[in-house]
Amino acid sequence: MSATPYALAELEDWDGRIREHVVRLGLDCFPQEFELCDHNQMLGYMAYSGMPAHYPHWSYGKAYEKLKTLYDHGVSGLPYEMVINSNPSLAYLMRDNSLCLQILTIAHVYGHNDFFKGNFTFQHTRPEFTLGTFKAHADRLRRYIDTPSIGADKVEAILDAAHALALQSRRNFAIRRLTDAEQRTRAIENASPPHDPFQRIHARQSAQEVDLHKVPLAPDEDLLLFIRDHNPFLADWERDLLTVVYEQSAYFIPQIETKIMNEGWATFFHKRILDALELPQALHLEFLVRHNQVVRPIPGSLNPYHLGLRVWEEIERIGNDPTPEERERLAPGTTGRDLLFESRVCDRDVSFLRRWLTPRLMNEMDLFRYEQRKDDLVISDVADDLGWQRVKETLLARVGMGSIPMIRILDADFAHDRSLLLAHDHDGRDLQLENAEHTLAYAHRLWGRDVFLRTVLDGKPATLAFGDKGFSRDRA
Amino acid sequence: MTPRVESIFRPYVPSDAERSDRSAGDRARHRLKVRESIRENIADIIAEESIIGQDRGRIIKVPIRGIREYRFVYGDNTPGVGQGNGQSEQGQVVGKGEREAGGEPDRAGNQPGADFYETDVTLEELIEIMFEDLELPDLERKALRQIESFRMTKRKGYRPVGIRSRLDKHRTVRERAKRKLAAALRGRMMPAQAPARRFPYHVDDLVYRHITSDVHNESNAVVLCLMDTSGSMDTMKRYLARSFFFLLYQFICTKYRNVEIVFVAHHTEAREVTENEFFHKGESGGTFISSAYAKALEIVQDRYHPSLWNVYAFHCSDGDNFDSDNAQALRTGAALAEVCNLFGYGEIKPLGSRYYESSMLNIFRRLEADNFHTVLIERKEDIWPSFKTFLGKDRGRDA
């Protein structure tokens, strides 16, 4: 600790005081580990999603170069903090930061830590194994690269393809995946006519025939897992790579799904904690500046820190000081604190905003919906009495995993030649064609046979296909 | 029970930080992919950048299509939500398409077109990439060989030190086995010092392959650069011609160590000039193409006899030759082709230049020699393809 104007002991001292408030405010955290690092290490952590060990792939080198270029040219600074959802939770502090920033960061980290531990979306992530799992993945991958019969090029080819499909996965891991037997039972149940109490007066409904040999029985969202389990020509190591990529995205999806809540929650509490710390004036003024930099609204865009913080504050207000109509919907005796912690446990961004982003708040924040007309982005609705619903719908459709198109597997033996039939769940937003073409090419690489994708383009149903002869549109 | 939160601080260890450059491998791999992408787009880069006469160490910015990572994303008809400054109204324009106004940091990568970025490449590196698959074609062995060409791959013995990738595992294992055996023998004599069960590798066991650079001689070669500097060569034409010769010059300097280069500038008469004059001086006057060829023949006769030298001649002109000279040009051209391994003629006719100008391409069509090639350069983008037609390794298949 040469260049820094404060000693490690000083940070530990502040941390002790922060933890008192963390406990007082009712946050429930994993043990926390802080690691001091310099900006080069921070760039490295950022490129590899914060993981101390991560498998190699050129895309991380690309991410690093990009981050470094932006940083070197002063386009973007580095984040003050980086927290990993693990148990114990791991956070990095940049040693070049000022004491005030470190205090702010430490408080902020505890907010994330509590959120990771408490929120339902993270319950499947097994945080005590996070670091070990990533390390094991990295080790396995390096071993494949070192195996003479496999090598770096083959591994890269599979990884490129798997990365393209990595986010085509289940979004809500709290919903259990049905086993094959359960799926079969359900298919049979769905096919038999519903119980009809007026059988005598109705024409008798006959049971539909179910094709129990169809694969998959119900549309499947987990593209990587499905390909892994149903392409018999994949080698074991290829299957393993698909598993690795799938597990990593399953780990990150909850964070994508709760970005706004999570950042808002941490910001909400760092503000509380720092206000309660009674900082010396110099530190306090710097804190106000930094805090406002973090939460300032960005015109024309959406700052998740700002939006999250405003909604959490709104929740607390509803609990403590409800309007008469809001009071009717609350259980008697509910306080703001109750609402905060209930929402922290059982919401993700979509439900969080649906439940708590009130028209009044939207109007106050001046949210608007824009769409592309010719070359311009034009405001189509503003959050007034007429437009707020459309603004909110649009927002809900694109938060979290909503920004990723939903693609499901319908049939693994389409046209009876083991072609793969995918369907895009079209909700008014078309797929970007160039990306779709290349992604289908990757799917084809993994599946080994023709891949079809049903979607809607410009209002008309369309089928995109990628086969041995390349890409085609509307062939089927 | 009072809830508690525990924490621990790990101090910064400078030595750790200096040692760990974890992304180095992935960066190198990415760099390699960028290089491939540059090679594919080299024609555009040459057309756009004025690389002529630049210092080789100069850094130029090359726009590359970032090596894209594709996934399913939404297209243009995706509405978005933004935050205004309090005065947002319907119909207000908030940004341009494609670019997703502002763009949240975590989404930026999803947007098409966002991956377009520039990379810094030194001219040296660019030239190296460019000339990777080019060569002086049909280089023949001639009596007196002078050109040295390098090969780095020659293996020569083994060394106890070296770089990791040249570790000879087989021999290393053998060394260890020997040492183990020796230790066992020693152990039998002095049981007190019997080796422990674990017998790890020692630095002394490591054996590295040694590689030396191998120089061997190839044939002599001379490249004749003939350029029309007459009055009809306007700025644009001269620019194209010089670009072509600049590439040629860089190519030869990069790939061959001892190739001689002769510069000849001509209008109605030809003279041998220095490199500097060739690239930087303009002249005027009429055009007798034959004069250049005669001069070239003269130089070849005097200094580079074809029995000892591989001769390459390249001529750039706008083809606006004085009519009375055409027959003479054809004759001398044929004579030059006879002594050359390759004789290339590039006709420079920028689009939009006067089309009633005469063209030598029609006349040279009558020149029947396998080693004579003509190309038409109409715009900057043509320079690289024409260059490749002359010197590409796969030239044989196209011709």
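Author: Two strands count as a pair if DSSP finds at least two bridges between them. Keep that rule in mind, and also that the model here is predicted.

Reader: What makes β7 and β8 of chain A a pair?

Author: Strand β7 (residues 419–424) and strand β8 (residues 451–457) of chain A are joined by four bridges. The rule asks for at least two bridges, so these strands pair. They run parallel. One bridge to look for links A:Ala423 with A:Arg454 in β8(A).

Reader: Which sheet of chain A holds these strands, and what is its order?

Author: Its order is β6-β7-β8-β9-β10, an open sheet of five strands with mixed pairing. From one strand to the next, the twist averages 20°.

Reader: Why are β6 and β10 of chain A said to stand at the edges?

Author: Each has a single partner strand, so one side of β6 (407–414) and one side of β10 (470–473) have no neighbour in the sheet.

Reader: Why are α1(A) and α10(A) called oblique?

Author: The axes of helix α1 (residues 8–24) and helix α10 (residues 259–277) of chain A come within 10 Å and cross at roughly 120°. Roughly perpendicular ends at 115 degrees and roughly antiparallel starts over 145, so the angle falls among the rest, which count as oblique. That is why α1(A) and α10(A) are oblique to each other. The crossing is right-handed.

Reader: Which residues make the contact between α1(A) and α10(A)?

Author: From α1(A) come A:Arg17, A:Ile18, A:His21 and A:Val22, and from α10(A) come A:Ile273, A:Ala276 and A:Leu277. Five of these residues are nonpolar, one is polar and one is charged.

Reader: On to chain B. What makes β9(B) largely enclosed?

Author: Of the seven residues in strand β9 (residues 260–266) of chain B, five are buried, so the strand is largely enclosed by the rest of the structure. To be buried, a residue needs 20 or more other C-beta atoms within 10 Å of its own.

Reader: How is β9(B) joined to β8 of chain B?

Author: Seven bridges join β9(B) to strand β8 (residues 220–228) of chain B, and the two run parallel. In one of them, B:Val223 has B:Ile261 in β9(B) as its partner. With β10(B), by contrast, β9(B) pairs in the antiparallel sense, over four bridges. Three residues lie between β9(B) and β10(B), and the two strands form a hairpin.

Reader: Where is B:Glu272, and why is it called partly exposed?

Author: B:Glu272 sits in strand β10 (residues 270–273) of chain B, as the bridge partner of B:Val264. Around B:Glu272 there are 15 other C-beta atoms within 10 Å. Buried needs 20 or more and exposed needs 12 or fewer, so a count of 15 falls in between and B:Glu272 is partly exposed.

Reader: Which residues beyond its close sequence neighbours are in contact with B:Glu272?

Author: Leaving aside those within four places in sequence, B:Glu272 is in contact with B:Val262, B:Phe263, B:Val264 and B:Ile299. The C-alpha atom of B:Ala296, 24 residues away along the chain, is separated from that of B:Glu272 by 8.9 Å.

Reader: How do you know that a strand of chain A pairs with a strand of chain B?

Author: We count bridges again: strand β4 (residues 367–373) of chain A and strand β3 (residues 80–83) of chain B share four, in the antiparallel sense. At least two are required, so β4 of chain A and β3 of chain B pair. Here A:Leu367 stands opposite B:Gln83.

Reader: How many residues does each chain bring to the contact?

Author: Chain A gives 78 residues and chain B gives 57. On the side of chain A, 38 are nonpolar, 19 polar and 21 charged.

Notes
Residues are numbered from 1 along each chain as its sequence is written. Chains are lettered from A and ligands numbered from 1 in the order in which they are written. This is a predicted model: local features need pLDDT of at least 70, side-chain atom pairs count only at pLDDT 80 or more; totals for chains, interfaces and linings use all residues. Two residues are in contact if their C-beta atoms, placed from the backbone, lie within 7 Å. Ala, Val, Leu, Ile, Met, Phe, Trp, Tyr, Cys and Pro count as nonpolar, Asp, Glu, Lys and Arg as charged, and the others, Gly among them, as polar. Axes are lines fitted to C-alpha atoms, for helices over the stretch in contact, and angles run from 0 to 180 degrees between N-to-C directions. Angles under 35 degrees count as roughly parallel, over 145 as roughly antiparallel, 65 to 115 as roughly perpendicular and the rest as oblique. A crossing is left-handed if the near helix is turned anticlockwise from the far one by less than a right angle, and right-handed if clockwise.
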